Structure formats: structure tokens, C-alpha cells
Amino acid sequence: MHLNLRAGERVYINGAVVRADRKVSLELMNDATFLLEGHVLQPDAATTPLRQLYFAAQTMLIEPGQADLARTVYSTLQDGILAATDEPAILAGLKAASGLVDAGRPYEALKVIRGLYAAESALIEGAGLEAPPLAQTAEPPADTRAPRSPAERPRRQPRSPDPKADTMAAKVIP
């Protein structure tokens, strides 16, 4: 699998956040779960039930250590959506996405869920509710946050002079 990243772009690979400092091409030589930055939904953009479901599935990819909790949240959200709608497209899509999540393929489930955004938006508008601005788009937005100031950046931990004491890897979250 080849990935082409622009300078400053991030990719989430098996729970690790990788950021390119310049334009780069990566080749993944074995099976890995990854999510490109452009498909990462930020928490404040999870404004509809399907976007919240997407966020739960996304968490399974980005935070493998939280995958069990994310599956529980996913199941709860899905049950709520199924109880609230009889829209055939959404019901069929949720069944397909659930099968993918159960099969350990949340990346493919994300594609299915994104494909349901238009149907969800039509339901929201048809009910006379005000649709959030993000519900109009087919793709989740790219990360548009401004670069962090030096004071907000994580600080590097000094390495221990004893190599045996350096056994824990630090995890940097964007």
C-alpha cells in the first residue's frame, strides 16, 4: 500500500500518529490499519447520530487501546439510530457497517457510514430540524486547527542514562 503525504499532513497507523515534515511517499509493507488525516472527524464535528457513530468507529482505528470501549459506544449509538429511523438506506448501511466492525474492518465501515450522511441530512431537513452545517458534506472535514504554539506542544522527555530504565514508549496525541 502506497501513501502520499503532503508536508505537515498526518496519518494514523496502527494507533501511532505519523506527521510528515515534507512531501513524502510511504509504502506499508505488511497489513496495517491506517486513517488519513482528511478522513479524521474531530470530536466537535460529531454533531449528528451518524457522525457520532463514525467517530466511535474511527476511535477503534486511532486508539487501539480504547477499541473495546469504542465498540460498546458504537453498539449503543447504532441501537439508538436503528430505533429512531425506518429509512431503508440507513438501515441497510448500518447493517453493512456493523458487519464490517464485527469482522474487525472498521476502516471499511467508515466508508459505508460516510455514504449515509446524505440520507441522514435529508431526514433531518425533512423533519424540519436545522441540520448542522457539517451534515451537508459527504466527507468529514480535514483537520483545520491552527498549528500549536510552542507552549502547547508536548515536551520531549529526557532519555535516561540507563538504557534499561527507558522501557516505556511515550504516546503523543495530536
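1. Basis. This is a predicted model, in which local features need pLDDT of at least 70 and side-chain atom pairs count only at pLDDT 80 or more, while totals for chains, interfaces and linings use all residues. Residues are numbered from 1 along each chain as its sequence is written, and side-chain values use heavy atoms, with hydrogens and water left out.

2. Layout. The protein has 5 helices and 5 strands, in the order β-β-β-β-β-α-α-α-α-α from the N terminus. Helices (H or I, at least four residues) and strands (E, at least two) are DSSP runs, numbered from the N terminus.

3. Burial and surface. Of the 174 residues, 34% are buried, that is, under 20% relative accessible area with a 1.4 Å probe, protein chains only. The accessible surface is about 11100 Å², and carbon and sulfur atoms hold 56% of that surface; the areas come from the Shrake-Rupley method with a 1.4 Å probe.

4. Contact range. A contact means heavy atoms within 4.5 Å. Among contacts between residues at least 6 apart in sequence, 52% join residues at least 24 apart.

5. Cores. A nonpolar core is a set of buried Ala, Val, Leu, Ile, Met, Phe, Trp, Tyr and Cys residues joined through side-chain atoms within 4.5 Å. The largest one has 28 residues, and those with the most contacts inside it are Leu 35, Leu 50, Leu 53, Tyr 74, Leu 94 and Ile 113. Two or more residues come from each of α1, α2 (67-84), α3, α4 and α5, with α1 giving the most, 8 residues. A second, separate core has 7 residues, including Leu 5, Val 11, Ala 20 and Leu 28.

6. Leu 35. Leaving aside residues up to four places away in sequence, Leu 35 touches Val 11, Tyr 12, Val 40, Gln 58, Leu 61, Ile 62, Tyr 107 and Leu 110.

7. α1 and α2. How do these two helices run relative to each other? Their axes come within 8 Å and cross at roughly 160°, which makes α1 roughly antiparallel to α2 (an angle over 145 degrees). Axes are lines fitted to C-alpha atoms, for helices over the stretch in contact, with angles from 0 to 180 degrees between N-to-C directions. The residues in contact include Leu 50, Leu 53 and Ala 57 of α1, and Ala 70, Tyr 74 and Leu 77 of α2. The crossing is left-handed, meaning that the near helix is turned anticlockwise from the far one by less than a right angle.

8. α3 and α4. The axes of α3 and α4 are 7 Å apart, at an angle of about 170°; α3 is therefore roughly antiparallel to α4. This crossing is also left-handed. Gly 93, Ala 96, Ala 97, Leu 100 and Val 101 in α3 meet Pro 106, Glu 108, Ala 109, Val 112 and Ile 113 in α4.

9. α5. The buried residues of helix α5 (residues 117-126) are Tyr 117, Ala 119, Glu 120, Ser 121 and Ile 124. They pack against α1 (49-62), α3 (88-102) and α4 (106-115).

10. Leu 116. Beyond residues up to four places away in sequence, Leu 116 touches Leu 50, Ala 89, Ile 90, Gly 93 and Leu 94. Leu 116 and Leu 50 are 66 residues apart along the chain, with their C-alpha atoms separated by 7.6 Å.

Conventions. Buried < 20%, exposed > 50% of the residue type's maximum accessible area, 1.4 Å probe, protein only. Parallel < 35°, antiparallel > 145°, perpendicular 65-115°, else oblique.
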